[in-house]
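Please describe the ligand site of this model.

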Amino acid sequence: MMYKVAVIGYRAQGSIHHAPAFARVPDCRIVAICDVVEDRAKEGAEKYGATAYMDVDKLLEQEEFDIANIPVGEKYRHELVMKCLRRGKHIFTEKPLAAEDGQFAIKLSDVPVAREMVDEWQKHEGLQFGICFGLHASANVVRAKEVIAGGELGDFAGMHVITQHNSWNHIIDLVRYFGGEVTGVAAYADDQDEMSAKTATLKFENGGLATLASYKRLALQFQIKWIGTKGEIIVNNIAGDAYWYLHDSLETRVYDETRTVKRCSYKAIFEGLIAEFVSSIREGSDFVADGWAGLRHMEIDAAITESIRTGQFATVNRYRPEMGRRPIG
Ligand SMILES: NC(=O)c1ccc[n+]([C@@H]2O[C@H](COP(=O)([O-])OP(=O)(O)OC[C@H]3O[C@@H](n4cnc5c(N)ncnc54)[C@H](O)[C@@H]3O)[C@@H](O)[C@H]2O)c1
């Protein structure tokens with residue numbers, strides 16, 4: 001089957017990353033580019049031999065398509081996602097699902113906005129709702145997950161994470177991916193408006209603790225140290241490396257795909273994640289960064305902001321807690 005894709009929003013993320021990545025998937029064809037800015041819609045339509053639309057309602061009335069790719073900023077997301085879900089389209093959109101005050105200050109009142117999208121998605125059996133948490137396609141992250149799942153490092157005991165602030169949303173999602181569901185947080189920021197530098201302690205359902213710190217500038221984009229009962233694994237950077245060792249051994253195992261296995265780049269992780277998303281539609285399988293991952297990110301991030309604002313420990317309230325569970329480790 002050939003999947004017809006409509007790209008809704010053709011600015012930075014749409015034109016540079018999402019549209020080229022969908023165009024590379026062999027069983028996808030971009031049939032429409034929609035942007036309220038006419039020049040952008042026309043530019044994309046010309047590039048992909050597609051039809052230009054300036055109005056999403058018109059697009060939904062006039063064009064037949066399967067996948068709505070919605071790479072827009074958070075202030076436009078809810079309306080577009082809801083309209084496309086109601087018409088039975090698979091959705092691939094950006095993160096965060098909602099953020100009235102911007103992606104670095106997600107607050108409790110943003111969570112119901114995200115929940116509404118997830119509720120609508122759940123009404124349509126067989127539809128995929130994908131979020132562009134691209135790090136899931138970074139080869140070092142994939143390898144680290146395999147090593148942890150293999151059990152040689154033991155059970156999850158905790159995590160130590162640093163990140164440059166612009167990867168904050170992604171890192172919260174990854175912390176949950178590596179550590180399991182988060183039940184509460186205690187967090188601090190010096191500048192409560194900008195919140196570019198913040199620290200948080202996360203408490204996990206399975207008993208582990210994580211410390212998480214974001215900095216305005218960092219040479220590495222991020223570093224995650226996952227600590228197990230038998231050993232540790234360190235994951236460095238987007239498209240970077242990973243290395244691991246047992247607590248009682250000096251022997252370090254290294255995975256560095258950028259030099260030794262295959263080329264990996266920032267651009268390639270969009271291609272990888274989008275190919276995986278289309279494959280989940282084709283196979284009817286779970287997608288690693290689905291609407292539940294998007295919502296769980298919002299719930300944790302909102303609790304962190306709440307803790308910063310109140311100076312108190314904040315509980316993470318999970319909507320339908322049985323959903324979106326991923327095997328630990
Ligand atoms: N996954 C990643 O690694 C990553 C990296 C950078 C940014 N992002 C995310 O991407 C998003 C921003 O992307 P951007 O800068 O390309 O988005 P943007 O919001 O600046 O641009 C979106 C485009 O959508 C168009 N648009 C808005 N409303 C529309 C509507 N109703 N119908 C049709 N078109 C409409 C705008 O005209 C614009 O051209 C943010 O959410 C950000 O968090 C993610």
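## Ligand site

α4 gives the largest share of the shell around the ligand, four residues. Helices (H or I, at least four residues) and strands (E, at least two) are DSSP runs, numbered from the N terminus. The model is predicted: local features need pLDDT of at least 70, side-chain atom pairs count only at pLDDT 80 or more, and totals for chains, interfaces and linings use all residues. Residues are numbered from 1 along each chain as its sequence is written, and side-chain values use heavy atoms, with hydrogens and water left out.

The shell holds 24 residues, with Arg11, Gln13, Asp35, Arg40 and Gly73 the closest. α1 (12-24), α4 (74-86) and α8 (266-283) each supply at least two shell residues. By class, the shell has twelve nonpolar, five polar and seven charged residues. Here Ala, Val, Leu, Ile, Met, Phe, Trp, Tyr, Cys and Pro count as nonpolar, Asp, Glu, Lys and Arg as charged, and the others, Gly among them, as polar.

| Residue | Protein atom | Distance to a ligand oxygen |
|---|---|---|
| Gly73 | polar backbone atom | 2.8 Å |
| Glu74 | side-chain N or O atom | 2.9 Å |
| Arg77 | polar side-chain atom | 3.1 Å |

On its own the ligand has 870 Å² of accessible area, and the protein covers 84% of this. Areas come from the Shrake-Rupley method with a 1.4 Å probe.

## Pocket

Which space does the ligand take? It takes the largest pocket. A molecule sits in a pocket if more than half of its atoms lie within 2 Å of the pocket's grid points. A pocket is an open set of points on a 1 Å grid over the protein atoms alone, where a 1.4 Å probe fits, with protein on both sides within 12 Å along at least five of seven lines; lining residues have an atom within 4 Å of a point.

The largest pocket contains about 1000 Å³ of space, taken as the volume filled by probe spheres set on the points. Its lining has 40 residues; Gln13, Pro71, Val72, Gly73 and Glu94 lie nearest the centre. α4 supplies the largest share of the lining, six residues. The lining divides into 19 nonpolar, eleven polar and ten charged residues.

## Backbone features

Lys95 and Pro96 are joined by a cis peptide bond, with omega about -15°. Pro96 is in the loop between β5 (90-93) and α5 (111-122). Asn237 has a positive phi, near 75°, and is not a glycine. Asn237 lies in the loop between β12 (231-236) and β13 (241-246).

How values were computed:
A residue is near a molecule or strand if one of its heavy atoms lies within 4 Å of it. A polar contact is a pair of N or O atoms within 3.5 Å; within protein, one must be able to donate a hydrogen and the other to accept it, and residues adjacent in sequence count only if both atoms are side-chain atoms.
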